[in-house]
Amino acid sequence: MSFFSRLACLTATIAIVLTGCSNDQPVKAQSDTKSVKYTNAEVFTQSMKLTQAKALPAPKIDMTTIKQKQALEAMKMQHETSFYRGSRYKKQVALTFDDGPDDNYTPQILDILKKEHVKATFFVVGIMAKRYPSSLKRIYQEGHVVANHSWNHPVLSKLPEAAVMKQIEDTNNVVTSVIGKTPLMVRPPYGALNKKLTNAVGKRGYKLIYWDVDTLDWDNHSPDQILTSVKKESKTGSIIL
């Protein structure tokens with residue numbers, strides 16, 4: 001089975017992974033790539049336990065305490081610069097794609113996402129966005145999030161601050177000229193991070209988005225290996241690379 005066929009399978013199993021259903025149950029996949037914005041999450045229903053065939057009284061859930069924890073988490077995340085996951089209070093994950101767009105793989109991925117009714121985040125490289133504006137425009141028009149992945153994929157943590165900001169701003173200028181909106185989310189190439197980079201990006205209002213599930217698809221992993229790693233490693237709020 002091709003990579004893109006397996007991608008369709010992956011998107012269709014995301015909800016199954018997070019809800020604990022068996023793979024035999026048809027579940028419509030849903031994903032909210034805006035989870036990195038960390039809005040207040042939904043409260044999960046707690047199941048009652050039975051002991052010695054005698055039903056215990058339903059436990060009382062302190063809704064005030066749960067909502068306070070959600071609010072505190074959201075408030076904390078709003079003031080952070082670097083993110084490796086979304087909220088653990090909401091059963092959703094974020095699918096993310098790096099290094100595009102192009103006119104070969106990007107349309108195939110978009111076709112699958114559209115078929116499965118799944119939204120994703122595309123971290124685009126400036127030189128690719130400039131070369132393939134029609135694919136970039138389609139990403140945005142189909143409701144996906146467009147984010148920044150530098151201009152030509154250098155190790156940003158090794159660059160002076162002025163060069164880092166040029167990488168980000170040059171990419172944003174191209175993206176803005178095509179879709180009319182400026183990305184505020186940045187994924188540093190290779191996940192390279194240091195305090196200098198965090199401070200430089202954070203003080204300008206950008207958010208650094210990393211991941212907690214790495215499919216290692218670039219390392220010649222098979223579709224089955226990719227699918228297995230996602231199913232094994234994904235948790236509520238995971239950001240999947």
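I began with N220, which is exposed in this predicted model, at a relative accessible area of 73%. I placed N220 in the loop between β8 (207-209) and α8 (223-233), and I noted that its phi is positive, about 60°, although the residue is not a glycine. I kept in mind that most residues other than glycine have a negative phi.

I then turned to H153, another residue that is not glycine and has a positive phi, here near 65°. H153 sits in the loop between β6 (145-148) and α6, and I found it partly exposed, with a relative accessible area of 22%; it is not classed as buried because that term is kept for values under 20%.

Next I looked up the backbone at G100 and P101, where the peptide bond from G100 to P101 is cis, with omega near 0°. P101 lies in the loop between β4 and α3. For context I recalled that most peptide bonds are trans.

I went on to the largest nonpolar core, which has 21 residues, and the members that touch the most others are L95, F97, L113, F122, V124, L136 and V146. Two or more residues each come from β4 (94-98), α3 (105-116), β5 (121-124), α5 (133-141) and α6 (161-179), and α6 gives the most, with four residues.

Last, I noted a second, separate core of 10 residues, including L156, V164, V186 and V201.

Terms used: Residues are numbered from 1 along each chain as its sequence is written. This is a predicted model: local features need pLDDT of at least 70, side-chain atom pairs count only at pLDDT 80 or more; totals for chains, interfaces and linings use all residues. Side-chain values use heavy atoms; hydrogens and water are left out. A nonpolar core is a set of buried Ala, Val, Leu, Ile, Met, Phe, Trp, Tyr and Cys residues joined through side-chain atoms within 4.5 Å. Buried means under 20% relative accessible area, exposed over 50%, partly exposed in between (1.4 Å probe, protein chains only).
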